[in-house]
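User: Hi! I'd like to go through this structure with you and understand what stands behind each label. Could you take my questions one by one?

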Amino acid sequence: MADLTTTFIGITSPNPFWLASAPPTDKEYNVRRAFEAGWGGVVWKTLGSEGPPVVNVNGPRYGAIWGADRRLLGLNNIELITDRPLEVNLREIKAVKRDWKDRALIISLMVPCDEDSWKDILARIEDTEADGVELNFGCPHGMAERGMGSAVGQVPEYIEMVTRWVKKHSRMPCIVKLTPNISDIRKPAEAAKRGGADAVSLINTINSITSVNLDDFSPEPMIDGKGTHGGYCGPAVKPIALNMVAEIARSPETYGLPISGIGGVTTWRDAAEFMTLGAGNVQVCTAAMTYGFKIVQEMISGLSDYMDRKGMTSTVELVGRAVPNVTDWQFLNLNYVTKARIDPDACIKCGRCFAACEDTSHQAIAMKPGRVFEVMDDECVACNLCVNVCPVENCITMVELPKGAVDPRTGAKVTDYANWTQHPNNPSVAAE
Amino acid sequence: MGGSALSNSQLTPGVVPHRLPAAAYHDNFTDVAAPLDRHEAHVAADRCYFCHDAPCITACPTSIDIPLFIRQIATGTPDAAAKTILSQNILGGMCARVCPTEQLCEEACVREAAEGKPVEIGRLQRFATDVVMAKGLHPFVRADGTGKHVAVVGAGPAGLSAAHRLAMLGHEVTIYDARPKPGGLNEFGIATYKAPDDFAQREVDWLLKIGGIAIRNGMALGRDMTLDDLRATHDAVFLAIGLAGVNALRAVGEDMGHVRDAVDFIAELRQAGDKSALPVGRDVVVIGGGMTAVDAAVQSKLLGAENVTIVYRRSQDRMSASGHEQEHATSVGVRIICHAAPLAVHGNGTVREVEFAYTEETPQGLVQTGETFRLKADQVFKAIGQTLAGAPDGLALTGGKIAVDATGRTSLPGVWAGGDCAAGGADLTVTAVAEGRDAAMDMHESLQG
């Protein structure tokens with residue numbers, strides 16, 4: 001089995017699977033159980049300043065969306081940072097770290113946006129021997145309205161400023177957690193880098209209303225007839241998170257900045273995908289909240305198996321492997337021609353490919369007697385929708401036309417690589 | 001010689017009641033397939049792929065839009081699902097219980113091809129129809145009266161289906177039925193455990209909520225009225241008289257005591273309040289290979305018979321009882337012997353043994369091999385098919401049934417026919433419903449003209 005030991009900004013953990021700062025990491029009891037289950041690290045749920053702790057609502061905190069068989073696809077929450085006294089959290093963090101020296105233990109922080117507040121909290125946590133801090137600039141609800149969380153994370157200048165204070169007043173490695181509730185994720189990442197951050201972690205949760213109660217006409221989760229937007233997470237947000245991770249990983253301004261990938265990681269495969277797009281490790285929350293801490297066992301065995309199959313001996317070899325292949329649309333090869341192929345032996349004759357193509361795409365699938373479905377190459381634009389709606393994996397595949405072959409749809413021969421920047425229909429090319 | 005209620009057991013010789021402990025009868029004759037609860041229905045509904053031009057719809061004799069009703073269940077609107085079902089098949093509740101779904105919609109389900117486990121269409125249909133029936137909702141409204149009056153003969157599935165559709169379209173309908181209760185085979189011809197809790201009558205009551213339908217029980221065609229009477233007093237007539245005759249064994253001694261028609265046994269069982277009081281043999285032999293044979297055999301076993309054997313003259317795959325039914329029979333301990341034809345019933349006034357000859361299929365047809373065997377029997381049920389009986393004179397017949405065209409028109413003007421008495425079709429409840437519905441639509445068109 002491949003060794004999954006991962007060193008992220010100088011912090012070594014037995015595997016790259018950390019629990020994100022969230023309800024599962026709110027107290028010693030949970031964190032000890034997480035470490036016993038095998039999690040490589042934990043980002044302790046966000047601490048605030050000393051004083052009366054925040055309060056949470058006393059009605060439902062979570063909303064959800066589900067797929068078939070009530071599989072939880074997306075979760076939203078309106079829980080705030082820890083509502084337990086600071087000194088209790090600090091005592092517990094110290095106790096846990098003393099017993100679990102081989103695991104990463106990071107403390108998430110969110111205090112008011114002034115230097116003294118940050119200086120003070122950093123001094124308070126020094127004694128815990130935690131491995132690092134993560135600055136919570138991401139929470140989109142409750143704290144943002146008090147000038148913290150995503151209220152900071154949405155202003156790159158604030159990110160830079162606070163990061164600078166943290167690096168000035170602490171020797172601990174510093175991860176800046178980014179909110180996705182912005183228009184260009186690269187800007188806050190650049191700000192964090194300028195401020196001296198050792199890494200960024202992303203994504204925090206997305207502003208969301210998961211559903212509306214159609215009897216009471218209130219957003220869910222409903223608190224006494226009202227609802228508010230919460231932070232959305234879980235499998236449904238993974239594509240958004242992957243893109244944001246990739247944008248930072250491939251941007252010249254932030255290239256090489258360590259990234260802790262967060263957002264819908266549910267299986268080993270999700271984790272591997274984040275890592276290939278540049279994440280040095282991943283943080284998990286919703287999957288653990290859905291299935292319990294035990295899921296890390298599948299993540300560990302799955303990633304090890306995959307690395308063995310690929311002949312990789314360290315996670316370092318995986319990190320960033322797909323980054324060079326993330327490009328802009330304009331550089332995609334317009335002479336890469338594929339056609340859908342339906343394997344008649346695998347086909348169960350549901351006809352969903354036909355309905356999708358006929359009703360919403362290019363009328364490129366023929367339905368023949370006996371419910372035999374065939375792709376018409378002279379109509380197929382290779383959109384991939386049939387592949388996506390087919391319930392049988394690998395029943396429909398996209399087959400590449402070899403160079404020199406004639407595309408029956410266009411009548412043109414498949415030729416060498418050429419992209420939009422070279423295409424005669426591109427006005428800027430024509431102008432030359 | 002009955003034996004006392006307390007001392008009888010499965011081993012008591014003869015045809016006696018009370019073979020089982022009292023509590024066993026309730027368990028044995030309750031719902032054979034438990035209904036899905038709401039959660040189970042949602043899990044089952046989630047498995048539907050919402051196929052294009054779905055094969056299950058094609059396989060359903062009533063062409064219910066199955067993907068649509070399952071999606072309506074999945075999205076929390078079982079009432080709408082029921083309306084989708086009932087608009088095609090007004091007896092969707094009974095069909096959900098008795099349809100051989102494994103040979104119809106569920107056989108065609110693409111998940112049967114994909115995983116060998118189809119979407120549970122029948123059970124989902126029952127879930128949706130049970131919901132509206134429990135609420136007492138009747139989701140159809142009768143059109144304004146047309147002033148036309150249609151006679152329907154037979155209150156079985158075909159007759160009820162036609163009557164409902166005709167009434168919905170605004171016609172006045174009178175159903176004449178020879179039996180004391182409506183329902184036809186749903187009431188008298190189906191194993192008790194398939195439709196317990198008086199479901200057939202509850203369904204009829206629910207169906208009649210459409211209004212405009214009168215039922216006259218105890219009125220047999222040919223005895224209490226003639227077809228000419230009906231034609232004279234109504235604007236149209238729909239014949240759904242079923243198959244009242246029963247084929248004979250043509251074996252020596254078949255008139256001996258405790259040799260009877262399976263259909264009578266099944267009807268008696270259905271109507272009996274206290275199943276424990278029904279006498280049944282220790283060694284029961286059922287002759288035949290259809291649904292009736294299975295229903296009689298299984299229920300004999302459930303009444304406490306020690307040994308129950310179905311004997312069928314051809315190979316097992318030729319049995320008209322579905323594979324599912326055959327499995328059900330063997331699962332309760334019924335033995336199935338194939339390739340054996342009855343030669344003689346032996347006994348001294350009452351049956352003691354049945355003698356069979358082994359058979360084999362040859363290019364010349366089914367022949368007896370010459371080898372014989374005897375089965376111990378103190379009760380024999382004949383289930384070798386029913387025949388049309390009491391068909392009015394003047395109607396053209398084909399293959400022993402009333403000849404009809406695609407929309408149920410008979411050779412007589414103004415007379416339609418459907419269900420088991422009419423030629424074609426599969427002698428299933430669901431095909432009878434389809435035929436009744438389609439004939440009603442054609443009658444409506446004709447009455448409008």
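Analyst: Happy to. Please keep in mind that this is a predicted model. Over all chains, the structure holds 49 salt bridges.

User: What makes Arg84(A) and Glu92(A) a salt bridge?

Analyst: The cut-off is 4 Å between a side-chain nitrogen of Lys or Arg and a carboxyl oxygen of Asp or Glu. For Arg84(A) and Glu92(A), the closest N and O atoms are 2.7 Å apart, so the pair meets the definition. Arg84(A) and Glu92(A) are both buried.

User: How do you know that Lys94(A) and Asp127(A) form a salt bridge, and where in the chain do they sit?

Analyst: Their closest N and O atoms are 3.1 Å apart, which is within 4 Å and therefore counts. This pair links distant parts of the chain, 33 residues apart. Lys94(A) belongs to helix H2 (residues 86–99) of chain A, while Asp127(A) lies in the loop between helix H3 (115–126) and strand E8 (132–136) of chain A.

User: Why is Lys94(A) called partly exposed?

Analyst: Lys94(A) has 36% relative accessibility. Buried means under 20% and exposed means over 50%, so Lys94(A) counts as partly exposed.

User: What about Arg123(B) and Glu120(B): what makes them a salt bridge, and why is Glu120(B) called partly exposed?

Analyst: The closest N and O atoms of Arg123(B) and Glu120(B) are 2.9 Å apart, again within the 4 Å limit. Glu120(B) counts as partly exposed because its relative accessibility is 25%. Arg123(B), at 30%, also counts as partly exposed.

User: Why does Asn77(A) count as buried?

Analyst: Asn77(A) has 13% relative accessibility, and the limit for buried is under 20%, so Asn77(A) counts as buried. Asn77(A) is in strand E6 (residues 72–77) of chain A. Leaving aside residues up to four places away in sequence, Asn77(A) touches Arg61(A), Tyr62(A), His141(A), Gly230(A) and Gly231(A). A polar atom of the Asn77(A) side chain also lies 2.9 Å from the backbone nitrogen of Glu79(A).

User: Which residues of helix H11 of chain A are buried, and what covers them?

Analyst: In helix H11 (residues 352–360) of chain A, the buried residues include Cys353(A), Phe354(A), Ala355(A), Ala356(A) and Cys357(A). Among the elements covering the buried residues of H11(A) are strand E17 (338–342), strand E18 (365–368) and helix H12 (385–389) of chain A.

User: How many residues does each chain bring to the contact between chain B and chain A?

Analyst: Chain B gives 12 residues and chain A gives 13 residues. Together the chains bury about 950 Å², with 61% of that area on carbon and sulfur atoms. On the side of chain B, Asp46(B), Tyr49(B) and His52(B) lose the most area to chain A, together 57% of what that side buries.

User: What holds for salt bridges and polar contacts between chain B and chain A?

Analyst: Between chain B and chain A there are 0 salt bridges, but 5 residue pairs are in polar contact. The side of chain B that touches chain A divides into 9 nonpolar, 1 polar and 2 charged residues.

Note on methods
Residues are numbered from 1 along each chain as its sequence is written. Chains are lettered from A and ligands numbered from 1 in the order in which they are written. This is a predicted model: local features need pLDDT of at least 70, side-chain atom pairs count only at pLDDT 80 or more; totals for chains, interfaces and linings use all residues. Side-chain values use heavy atoms; hydrogens and water are left out. Contact means heavy atoms within 4.5 Å. Buried area is the accessible area (1.4 Å probe) that two parts lose on being put together, summed over both. A polar contact is a pair of N or O atoms within 3.5 Å; within protein, one must be able to donate a hydrogen and the other to accept it, and residues adjacent in sequence count only if both atoms are side-chain atoms. Ala, Val, Leu, Ile, Met, Phe, Trp, Tyr, Cys and Pro count as nonpolar, Asp, Glu, Lys and Arg as charged, and the others, Gly among them, as polar. Buried means under 20% relative accessible area, exposed over 50%, partly exposed in between (1.4 Å probe, protein chains only). Helices (H or I, at least four residues) and strands (E, at least two) are DSSP runs, numbered from the N terminus.
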